[in-house]
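These are my notebook entries on one structure, set down in the order I looked things up. The structure itself comes next.

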Amino acid sequence: MENRVKQARRDLGLTQGELADKVNVSRQTIGLIEKNHYNPSLKLCIALAKALNKTLDQLFWEA
């Protein structure tokens, strides 16, 4: 299953760098999040959700 952050970013037509700029992190950090190699802080999770027009549940909740 594709990472939901990556899918939401692609759905909006954003590059990793563009999303990184919106949430004030490096492009590398976005790449690590999308590969599930980095656990973002709650503050960063909220920023990502806002930037991607998603809820925290839509991006991060595991069923």
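**Entry 1**

I looked up Asn36 and found it exposed, at 61% relative accessible area; exposed means over 50%, buried under 20% and partly exposed in between, with a 1.4 Å probe and protein chains only as cover. Asn36 sits in the loop between H3 and H4; helices here are DSSP runs of H or I with at least four residues, strands are runs of E with at least two, and both are numbered from the N terminus. I noted that the phi of Asn36 is positive, about 60 degrees, although Asn36 is not a glycine.

I then turned to Asn24, in the loop between H2 and H3. Its phi is also positive, near 60 degrees, and Asn24 is a residue other than glycine. Asn24 counts as exposed because its relative accessibility is 71%.

On the source: this is a predicted model, in which local features need pLDDT of at least 70 and side-chain atom pairs count only at pLDDT 80 or more, while totals for chains, interfaces and linings use all residues. Residues are numbered from 1 along each chain as its sequence is written, and side-chain values use heavy atoms, with hydrogens and water left out.

**Entry 1: Ser26**

I checked Ser26, which lies in the loop between H2 and H3. Ser26 counts as partly exposed, since its relative accessibility is 32%. Between Ser26 and Gln16 there are 8.8 Å from C-alpha to C-alpha, and the two are 10 residues apart in sequence.

**Entry 2: Asn3**

Is Asn3 buried or exposed? I found Asn3 buried, because its relative accessible area is 12%. Asn3 belongs to the segment before H1.

I listed its contacts (heavy atoms within 4.5 Å). Not counting residues up to four places away in sequence, Asn3 touches Ile33, Glu34 and Asn36. I also looked for polar contacts, which are pairs of N or O atoms within 3.5 Å; within protein, one must be able to donate a hydrogen and the other to accept it, and residues adjacent in sequence count only if both atoms are side-chain atoms. The Asn3 side chain reaches the backbone oxygen of Ile33 at 3.1 Å. A polar atom of that Asn3 side chain also lies 3.4 Å from the backbone oxygen of Glu34.

**Entry 3: the salt bridge**

How many salt bridges does a search of the whole structure find? It finds 1, where a salt bridge is a side-chain nitrogen of Lys or Arg within 4 Å of a carboxyl oxygen of Asp or Glu. The partners are Arg9 and Glu34, with 2.6 Å from N to O. The pair links distant parts of the chain, as Arg9 is in helix H1 and Glu34 in helix H3, 25 residues apart. Side chains of opposite charge can pair when their charged atoms come close.

I checked the cover on both partners. Arg9 counts as buried because its relative accessibility is 8%. Glu34 is buried too, at 8% relative accessible area. Leaving aside neighbours within four places in sequence, I found Glu34 in contact with Asn3, Val5, Lys6, Arg9 and Gln16.

In H3, I noted Thr29, Ile30, Gly31, Ile33 and Glu34 as buried. Their cover includes H1, H2 and H4. Ile30, with neighbours within four places in sequence left aside, is in contact with Gln16, Leu19, Ala20, Val23, Val25 and Leu48.

I looked up the largest nonpolar core and counted 14 residues; such a core is a set of buried Ala, Val, Leu, Ile, Met, Phe, Trp, Tyr and Cys residues joined through side-chain atoms within 4.5 Å. Those with the most contacts inside this core are Val5, Leu19, Val23, Ile30, Leu48, Leu52 and Leu59. Helix H1 (4-11), helix H2 (16-23), helix H3 (27-34) and H4 each give two or more residues to this core. The largest share, 4 residues, comes from H4.

**Entry 4: a surface patch**

Which residues form a nonpolar patch on the surface? I found Leu42, Ile46 and Leu56, with about 250 Å² of accessible area together. The areas come from the Shrake-Rupley method with a 1.4 Å probe, and for residues only the protein chains shown count as cover. Patch residues have over 30% relative accessible area and no salt bridge; like charges are joined within 9 Å, and nonpolar side chains (Val, Leu, Ile, Met, Phe, Trp, Tyr) within 5 Å. Ile46 lies in helix H4 (residues 42-51), and Ile46 is partly exposed, because its relative accessible area is 34%.
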